[in-house]
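Dear colleague,

Please find below the structure that I am handing over to you. My notes on what was found in it follow directly after.

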Amino acid sequence: MNMHTLPPAALKGEGMTSQRARDRLAAQLRESGIRDPRVIDVIRNLPRHHFIDQALHSRAYENTALPIGHGQTISQPWVVARMTEALLEHFDARKEKPGRVLEIGTGSGYQAVVLAALVEQVYTVERIEELLRQARRRFRQLGLGNIRSRYDDGKLGWADEAPFDAIILTAAGDTIPSRILEQLSPGGVLVAPVGSPSSQVLIRLRGDGQGDFAQEELGAVSFVPLLGGIG
């Protein structure tokens, strides 16, 4: 991890069984094409079972999405890894350090914590108050001080803190909301799923610093829909 190391308390009480499960997950990520060792290392050291209901702990290190209530899911580890890797690739190519990142859709908090270990500051917005309350508790338990969270309509972004060096959306809409695009810095990067519930693709928008953005498709994905409002 190149920015913020997860504290030893994050793994307090972890047994060898959980460690082996995390090691297997890390190996699966490498085999499925994740190349960035920083991303793999973060996921290998992060106790994913802390982000889901106890009844699902036995499935925590499967490479699959799992329900977290309120019609939402914790994303498949491969998807979290690929989105994070896609973000870091942009900064590596520009020989810059990742700074301030906006996440739309806090959910369980898992993606925010992965990002927090690799970037300077994470701003995350969630429209479901109970999910955000739970995520905030996990942030405190992990001792992470570089995550700021907000209960609000994610489609509005976080204008008071804009511009952001990077933006990640963890829910899919037909298009990227213009209010969110306006909050991306000219040389920034945005990673998001786009499409209908039956057909979604992960895209990356990369700014050239002059106000133009190049779009790439990174593969098919499946996310919950991007909804407006709160509650």
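**Findings in the sheet and around it**

Strand S3 (residues 100-104) pairs with strand S6 (residues 164-169) in the parallel sense, over four bridges. Two strands count as paired if DSSP finds at least two bridges between them. Helices (H or I, at least four residues) and strands (E, at least two) are DSSP runs, numbered from the N terminus. Within this pair, glutamate 103 has isoleucine 168 of S6 as its bridge partner.

Please note that this is a predicted model, in which local features need pLDDT of at least 70 and side-chain atom pairs count only at pLDDT 80 or more, while totals for chains, interfaces and linings use all residues. Residues are numbered from 1 along each chain as its sequence is written, and side-chain values use heavy atoms, with hydrogens and water left out.

S3 and S6 belong to an open sheet of seven strands with mixed pairing, in the order S5-S4-S3-S6-S7-S8-S9. Its edge strands are S5 and S9 (213-221), each of which pairs on one side only. On average, neighbouring strands of the sheet are turned by 15 degrees against each other, direction ignored. Axes are lines fitted to C-alpha atoms, for helices over the stretch in contact, and angles run from 0 to 180 degrees between N-to-C directions.

Helix H3 packs on this sheet and touches S3, S6, S7 (184-196), S8 (199-207) and S9; contact means heavy atoms within 4.5 Å. The direction of H3 makes about 155 degrees with that of S7. Helix H5 also packs on the sheet, where it touches S4 and S5, and its direction makes about 165 degrees with that of S5.

As background, strands of a sheet pair through backbone hydrogen bonds, either parallel or antiparallel. Strand S4 (residues 121-126) and strand S5 (residues 147-151) run parallel and are joined by five bridges. Glutamate 126 stands opposite tyrosine 151 in S5. From S4 the chain passes through H5 (residues 129-142) to S5, in a right-handed β-α-β crossover. A crossover is right-handed if, with the strands pointing away from the viewer, the path from the first strand over the helix to the second runs clockwise.

S8 and S9, by contrast, run antiparallel and are joined by eight bridges. Arginine 206 stands opposite alanine 214 in S9. The two strands form a hairpin with five residues between them, and glycine 209 in the turn has a positive phi of about 90 degrees.

**Helix packing**

The axes of helix H2 (residues 37-45) and helix H3 (residues 77-93) come within 9 Å and cross at roughly 145 degrees. On the H2 side the contact is made by Arg38, Val39 and Ile43, and on the H3 side by Pro77, Ala81, Thr84, Glu85, Leu88 and Asp92.

**Backbone details**

Most residues other than glycine have a negative phi, and most peptide bonds are trans. Histidine 70, in the loop between strand S1 (66-69) and strand S2 (72-74), has a positive phi near 60 degrees. A cis peptide bond, with omega about 5 degrees, joins alanine 162 and proline 163. Proline 163 is placed in the loop between S5 and S6.

**The chain as a whole**

The chain has six helices and nine strands. Its C-alpha trace spans about 50 × 40 × 35 Å along the principal axes.
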